[in-house]
Amino acid sequence: MFTLTFTEPGKKPRRHPLGERPVLVGRDAACDVVLDSQDVSRRHARFFLRGGAPVVEDLGSANGVYVRGARIEQASEVAPGAPIEIGGVKVALVAVEPEGVGAGARLRGKGGEIRLPARAKLGRGEECDVVLDDESVSREHAELARDLRGFYRLRDLGSANGTFLDGKPVGKDAVLVSDGARLRLGDVELQFAKQPAPLPGQKKKMLVAIAAAILALLLAIHFVRRQPPRAAEELDAAQAATALLEQSQAALQSDRFEEAARLAQEAIDIDPLAPGPRKSLAQARREQESQKAWTEALSKAQLGREDEALRLLAQVPPQSRLFARARIKAKDLGQAMLRVHGASCRTAPRENAQEVADECARALDVKCQKAPADNDPMLKALRAAEKKLPRRVPWSCPPQLAALFRDEGEALDTGVLEEKALAALYPDPSLRSAIAFYARGELTFALEKLSRQRGAGEAMERIKIVEGRFREGQTALLGNALERADQLWGEALAADAALMPAGVESFLGRQMRSTLARAHGKSGDERFARGQYASAYDEWGKGLAVSPKDPQLLDQLARLEKVAENILSQRASCDQLAVASHITRSDPPSPAHEAASKALRRCR
């Protein structure tokens, strides 16, 4: 027995069993699984079992069926877990094992408990059986699997922050899990519990009553005899955790980030509920990431790869202790890049459009950070070169470099923040100063200033929402979870809009919009290359929703108008006409959209 999970963009996943009866998939209402995507044909694919093995067959669809990224030409067996795509819709195939010995085991946490299947993947990813929404948990963190005797074993799946069983680290080799064992994945703690065996009717009631009486007696004795020592133990534990936290913070101040993380983790092991050690651990891990980016940037700079070094330095956030050093290094690299690539931009042969575009873009990456580049001769040369290339070079002033090139204490950049608009929204000078720090991407300074202001609680909460969702969204993008990033950064942008004057962008707001636009642009490009034009249109449209003036995305939508015109010039089927109508501008309607809509009426 197997389960198929269909995930359409913007919709909740849907599950459908796959057993002896085949499963027909398509847009037609008569299909077993009806999908709405215009890239899905009316009768697109069929899933069935052959000799007990799952098979997928393309039924002559327009956009094909892809298994592990390759289009299938004939009915093909599919292994559980293999990525499948049907017209832009992702399909997951999972084997469902029948319940046997040991069924009914559970994992318990602070938020409740979850019943475990025979094999359960634990992680932050939405495809996991047990989803743990915590930034310390990897996308696929660990796995619990039940053997034929009903025993569960735990193994790590190469997580970043480790898997622990009763305080001991677990590697890739599976380890037996006993009843009541404590599991820790990153910072998340869980307890494993076996399902108790059923008892016969009357005997069960009697044994339960006896057990309850004995338990009550034991608890009373334990409470009377052990209360004072337990209180003393808890006091000693709290003091030990506080001492470790102080040592961790001292290590942070001395740039000993690995030691700080270790001490904070020891404090968490002693007192899991204390917020201080967790905060210190998160800060230490961020500093470790910053230190890694700083070290790699220095190596790239020594090899003469200044543009790669700059992008690594941009990964060091303004809150990091290494940011001041990163900013000084970035300015040195920027001067060298502007000198070398600026000269190459001016002297490169104009007939070599690719070289001109590359050199001018690298020089403008730096120059645009200090002054608008709208009328710069290098930008004009870049745009002229772009017109000669098959596709527009997606250059825009990289917002992630802005913090590196802004001088400390520098006045607000009028291109990002208008002083008058800020003063109108925040008449109080102290509050306005704090929001100005936020607008420049310096959230730590902003929160520090707001903490000393009366009536600033709402602004602080919004900044914390932006900060938290921004980091979660970055993690989602690293895991290719674009829909999750859309959701998280949508919440962050809503909080950002409540903080900023109308029409004014903050540093983080601009960075999120630019990053989402690029991510949806890339996703649309991949679908366009496969001929999935409706899905490509949807992805590019999502990019334009956050960045309406993005030139590359506007160019791509213009390409789809040409695709629609080509469809209409042929003897198009009703499915093709529906795609042509979908991918063309409807408000105001383009000529291609009007023609496709008119032709489509005949199909109805």
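Let's start where helix 5 meets helix 6: G334, M337, L338, H341, G342, S344 and C345 in helix 5 are in contact with E359, C360, R362, A363, V366 and K367 in helix 6. Contact here means heavy atoms within 4.5 Å. Helices are DSSP runs of H or I with at least four residues, strands are E runs of at least two, and both are numbered from the N terminus. The crossing is left-handed, meaning that the near helix is turned anticlockwise from the far one by less than a right angle.

P349 sits in the loop between these two helices. Leaving out neighbours within four places in sequence, P349 touches E355 and V356. P349 is partly exposed, at 37% relative accessible area; the cut-offs are under 20% for buried, over 50% for exposed and in between for partly exposed, with a 1.4 Å probe and protein chains only.

A quick word on what you are looking at. This is a predicted model, where local features need pLDDT of at least 70, side-chain atom pairs count only at pLDDT 80 or more, and totals for chains, interfaces and linings use all residues. Residues are numbered from 1 along each chain as its sequence is written, and side-chain values use heavy atoms, with hydrogens and water left out.

So how confident is the predictor? pLDDT is its confidence in each residue, from 0 to 100. The protein has a mean pLDDT of 82, with 87% of its residues at 70 or more. Confidence is highest in strand 3 (residues 23-26), at 94, and lowest in helix 1 (residues 201-253), at a mean of 59. Over residues 220-235 the pLDDT is below 50, and that stretch has two contacts in the model beyond near neighbours in sequence. Residues 408-417 also stay under 50, and for them the model has 16 contacts beyond four places in sequence.

Now the overall picture. The protein has 18 helices and 22 strands. Of its 604 residues, 43% count as buried. Among contacts with a separation of 6 or more, 48% are between residues 24 or more positions apart.

On to the rings. A pair of aromatic rings is described by the distance of the centres and the angle of the planes. How many aromatic pairs does the structure hold? There are six. The rule takes rings of Phe, Tyr and Trp (its six-membered ring) with centres within 6.5 Å, and calls planes under 30 degrees apart stacked, over 60 edge-to-face and the rest tilted.

F470 and W489 make a stacked pair, 5.5 Å centre to centre with 10° between the planes. F470 belongs to helix 12 (residues 457-478) and W489 to helix 13 (residues 482-499), so this pair ties together parts 19 residues apart in sequence. Both F470 and W489 are buried.

F528 and W540 form a tilted pair, with 5.8 Å between centres and 35° between planes. F528 is in helix 14 (residues 507-529) and W540 in helix 15 (residues 533-546), so here the parts tied together are twelve residues apart in sequence. F528 is buried at 16% relative accessible area, and W540 is buried at 0%. Ring pairs also link F528 and W540 with Y533 into a cluster.

Back in helix 13, we find L493. L493 is buried, at 12% relative accessibility. Setting aside residues up to four places away in sequence, L493 touches G509, M512 and R513.

R184 lies over the face of F164, 4.1 Å from the ring centre. R530 has its charged end over the ring of Y66, at 4.3 Å from the centre.

Last, some backbone angles. Which way does phi of R68 point, positive or negative? Positive, at about 55°, although R68 is not a glycine. R68 lies in the loop between strand 7 (65-67) and strand 8 (70-71), and is exposed at 58% relative accessibility. D166, also not a glycine, has a positive phi near 50°. D166 lies in the loop between strand 18 (163-165) and strand 19 (168-170), and is partly exposed at 38%.

Note on methods. A charge sits over a ring if NZ of Lys or CZ of Arg is within 6 Å of the ring centre and within 35 degrees of the ring normal. pLDDT is the predictor's confidence in each residue, from 0 to 100.
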